[in-house]
Amino acid sequence: MKHLLASTAVLLALTLPAMAQEYTPDPAAKQGGAMVMTYKDDVATLDPAIGYDWQNWSMIRSLFDGLMDYVPGTTDLRLGLAESYEISEDGLSYTFKLRPGVKFHNGREMTADDVKYSLDRVTLPATQSPGSGFFGSIKGYDAMVGGTATSLEGVVVVDPLTVRIDLSRPDATFLHVMAINFSAVVPKEAVEAANGDFGKMPVGTGAFKMTEWTLGQRLVFARNTDYWRAGEPYLDQVTFEFGQEPIVALLRLQNGEIDVPGDGIPPAKFTEVMGDPAQKARVVEGGVLHTGYITMNVTAPPFDKVEVRRAVNMAINKARVVQVINNRAVPANQPLPPAMPGYTADYAGYAYDVEAAKKLLADAGLPDGFETDLYAMNTDPNPRIAQAIQQDLAAIGITANIQSLAQANVIEAGGAGTAPMIWSGGMAWVADFPDPSNFYGPILGCAGAEPGGWNWAKYCNADLDKAAVAADSMSDPAKSADRLKAWSDIYMQVMEDAPWAPVFNDQRFTMKSDRMGGADALYVDPIATVNFDYVYVK
Amino acid sequence: MLGYVLRRLIQSALILLGVAFITFFLLFVLPADPVRQIAGRSATPETVENIRQQLGLDQPFLVQFGRYLGGLVQGDLGRSYLQKSEVSVLIASRLPATLLLMVAAIFCELLIGLSMGILAALRRDRFTDQALMMTSFVTVSAPQFVVSLLMLYVFAVKLGWFPIGGYGTFAHLVLPAITLGILGSGWYSRMMRSSMIDVMRTDYIRTARAKGLSRTRVVLGHALPNAILPIIAMIGIDIGVFMGGIVVVESVFGWPGIGQLAWQAIQRIDIPIIMGVTLISAVAIVLGNLLADLIAPFIDPRIKLK
């Protein structure tokens, strides 16, 4: 331990290459003002242990903090509630020094006990957290899930401002895990006072505090004047108005009544908005850590033959699919999105080649093609995308009958393994944190191929699972480049086996009113959707 | 009277039980798993099973339904799977908005529908009649979504007379209420027209006219009270229609009613909310019909409740 403390500076210096520099504040930013954002649906919950949708994700980030955080507008880690951290040489022990004097919205000072309480709470089965699985590498996790413990053995309060977390296996993604919403620090007394309804009465350490929530109507965040990041946030208030159809939100934006339409630009209006210079000036575009793909069930004919799966990869005219959705995406050739570390930039992917695809089908003994089912979610634009894919498949002799169903039904069919092909749109993978491992386990690994899992291709390659574990054991920051290479190799092998046909990576389009300031990246933040903490009113 | 009310209430309770059973059964056989929605995509099989047990979703259908009913008779609608809040609180926070809109909309429907119907009956087979009946046909067939957006665009965006959606003041209520009023007025105007025509043919109206009463007094004082009877029963049915059809208008005008709540819950198989909203709507329909039947004898003493 002594040795470790002495080497803190060295270790931190080592970690810095993986961690970018602190954020450079926008010189034009100024304090004050309020912004209004609209959504169609009310927020389900603001409990960081429960909230897991694209809508509440960024709100929770502004109300709460974790030990780690990201540089605004980027996927680079930075320190959050932790002032510093050190990793033991075996990569199994993380010691976080907390910032002193950080206060919860209720005025109480945050301590190491709160960190422990929050991690215990999120992994306790009774909490029913959808994020519990992210903490699987912490020592004692299995006992929590198994119900034989009510406290994580691996989370140790060393002193009021120091917490040590011991892992049962090296986990190179652990700092990212400490930055996701699920590990946000919450005060025990507020959780207990809420009596099961903490999601409606959130209390955190974040840049904003919730001051009003009229269910179904509006939610108001006010600036936390005691925020520990001095001078932040810039806005005095953020108001979310609910029940606003995207098209109504657009009308109100044009009328100057609102600042950001949370549900983006309605598809039917996209061409009109982009064609009008005045409106186009308000559009903000950014990448999302998302891939839309077709899964092919590798356990049943005809997709048990790799030639057939490769043929499907070559049959799909991705450029045309992207046109179907008004170019709101870029064609994809591998599971990882381009903005994700570990993306293989020099990989060309399967070229669009109808003749070669037909030949592959013939090689597989299916020269006349076959008939199959293509499952897709029934909300626009997914049925249209499925139709475009259907036409492409028809060109090589595959008759795909589209099964257009509600999201939950597609997920059920995918988990049960009864769907030969699924277009993932509307349910597709958006990264939980910017690390290549996040695209593997549940959706391409053997664990996810179990009944009910999200690996809808039922693809299970034991060698790749081993390689994945090996890559995630490389927790030494100095080996981060090697680790990314290892992940790149894993995804290249996935493409070789072709359980998926990656189709495109979403681009996010949103709008902001003329009076809103701050870099575009803050409005399409890869981590927070909109980064309320750093946008400002001009 | 009391016996009649009691009998009807028992009938209503049985209807509600039936509604609860059918809805619960449909949600049970639905080929989708609510636990997966709660557990999320990163959950391990253990977590999924754990949540299933906690919610009692591993139990056979009748046990689950029995538990639900057990809670229900104690006034417990359960907790939302995804929001974790009490369903009764979620519904209670939104019900006033839906009821307010419903009352205002029925008022508009009656105002527009009855005026149109009376006018058409008095101008029977003339141009006014044909124009009005054509209009009623159009309003009945018009898609709610389009009409709502059109109203919003013209009166809120272009003319700026009303706010662009939302809730809170009287000004917010006007557009959605009038939209629903116009859309629903067709039924009333057609019914009012035929009812009025029948009444105007009767002997007592001829007598009233022969007495030399003014046309206004004949129509409003003598014909209307009788012609309006079938309309009363229709309001009861209308409440049911509203509970089903208000969702679209609520969503366009950003009206925070239970329609929105139901829609979101259905997307994510949040069974306690779906059950709660269904039951509340069923209660409204049953009560609406009961109320219409109870009011009838006061307006028409010939009707006796047995």
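In chain A of this predicted model, strand 5 and strand 7 (residues 162–166) run antiparallel and are joined by five bridges. Within this pairing, A:Lys97 stands opposite A:Thr162 of strand 7. Strand 5 of chain A also pairs with strand 4 (residues 82–87) of chain A, again in the antiparallel sense and over five bridges, and here A:Tyr94 in strand 5 is the bridge partner of A:Ile87. Strands 4 and 5 of chain A make up a hairpin in which five residues lie between the two strands, and in the turn A:Gly91 has a positive phi of about 75°. How many of the residues of strand 5 of chain A are buried? Of the six residues in this strand, which covers residues 93–98, five are buried, so strand 5 of chain A is largely enclosed by the rest of the structure. Strands of a sheet pair through backbone hydrogen bonds, and they may do so in either the parallel or the antiparallel sense.

Another part of chain A holds an open sheet of five strands, with the order 8-9-10-1-11 and mixed pairing. The edges of this sheet are strand 8 (208–214) and strand 11 (260–261) of chain A, each of which pairs on one side only. Strand 8 of chain A runs antiparallel to strand 9 (residues 218–223) of chain A, and six bridges join the two. Opposite A:Glu212 stands A:Val220, which belongs to strand 9 of chain A.

A:Asp520 belongs to helix 19 of chain A, which covers residues 520–523. Is A:Asp520 buried or partly exposed? With 14 other C-beta atoms within 10 Å, A:Asp520 is partly exposed, because a residue must have 20 or more such atoms to be buried and 12 or fewer to be exposed. If its neighbours within four places in sequence are left aside, A:Asp520 is in contact with A:Val284 and A:Gly286.

The next element to follow in chain A is helix 13 (residues 354–363), whose buried residues are A:Ala357, A:Leu360 and A:Leu361. Viewed down the axis of helix 13 of chain A, these buried residues fall within an arc of 100°, so they line one face of the helix. The buried residues of helix 13 of chain A pack against helix 11 (306–315) of chain A. After helix 13 of chain A comes A:Gly365, which has a positive phi, near 85°.

At the level of domains, the assignment divides chain A into domain 1, made of residues 2–206 + 512–537, and domain 2, made of residues 290–507. The C-alpha centres of domain 1 and domain 2 of chain A lie 31 Å apart. Where the two domains of chain A meet, 16 residues of domain 1 are in contact with 15 residues of domain 2. On the domain 1 side of this boundary in chain A, helix 2 (8–15) and helix 6 (174–177) each supply at least two residues. This side of domain 1 of chain A comprises nine nonpolar, five polar and two charged residues.

Chain B has 13 helices and zero strands, and its C-alpha trace spans about 85 × 55 × 30 Å along the principal axes. Of the 306 residues in chain B, 39% are buried.

How values were computed: Residues numbered from 1 in each chain as written. Chains lettered and ligands numbered in written order. Predicted model: local features only at pLDDT ≥ 70, side-chain atom pairs only at ≥ 80, totals over all residues. Helix = DSSP H or I, 4+ residues; strand = E, 2+ residues; numbered from the N terminus. Arc of directions from axis to C-beta. Contact = placed C-beta atoms within 7 Å. Domains from an automatic or database assignment. Nonpolar A, V, L, I, M, F, W, Y, C, P; charged D, E, K, R; others polar. Pairing = 2+ DSSP bridges.
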